[in-house]
Amino acid sequence: MFKRFLLFSSLVLLQLFSVQPTLATTSNLTVRLIDHVSNAWLSGQGVQAWEKQTDGSLVYRATRTTDTNGLAWFDLVEPGAGKVYVLKAQPFGYWVQSD
């Protein structure tokens, strides 16, 4: 049986670095959930965002559900500018996470 992997893609890094704190009502991280066996976008799946602390521990921040295009939007504090986030999902009964 093939293993299924998820690909989490984000906005262009340049856009992430230019997010302004005053734009808190707009999402600053977009992810897409993909089944790499069939290349299908996975809709209706929960994606969790966890903030990685300096000691390596994770602190839960938010859960979003993917739309029909496999996209989920997060409003996170300073992604790519000092804060590190780990994204987790469980689309086929197995937890997977971003690096």
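Predicted model: local features only at pLDDT ≥ 70, side-chain atom pairs only at ≥ 80, totals over all residues.

Analyst: Residues are numbered from 1 along each chain as its sequence is written, and side-chain values use heavy atoms, with hydrogens and water left out.

User: Why is the pair of Trp 50 and Tyr 60 called edge-to-face?

Analyst: Rings of Phe, Tyr and Trp (its six-membered ring) pair if their centres lie within 6.5 Å; planes under 30 degrees apart count as stacked, over 60 as edge-to-face and the rest as tilted. The centres of Trp 50 and Tyr 60 are 5.4 Å apart and the planes stand at 75°, so the pair is edge-to-face.

User: What makes Tyr 60 partly exposed?

Analyst: Buried means under 20% relative accessible area, exposed over 50%, and partly exposed in between (1.4 Å probe, protein chains only). Tyr 60 has 40% relative accessibility and therefore counts as partly exposed.

User: Why does Asn 39 count as exposed?

Analyst: Asn 39 counts as exposed because its relative accessibility is 54%.

User: How do you know that the charged end of Lys 88 sits over the ring of Trp 50?

Analyst: The criterion is NZ of Lys or CZ of Arg within 6 Å of the ring centre and within 35 degrees of the ring normal. The charged end of Lys 88 sits over the Trp 50 ring, 4.6 Å from its centre.
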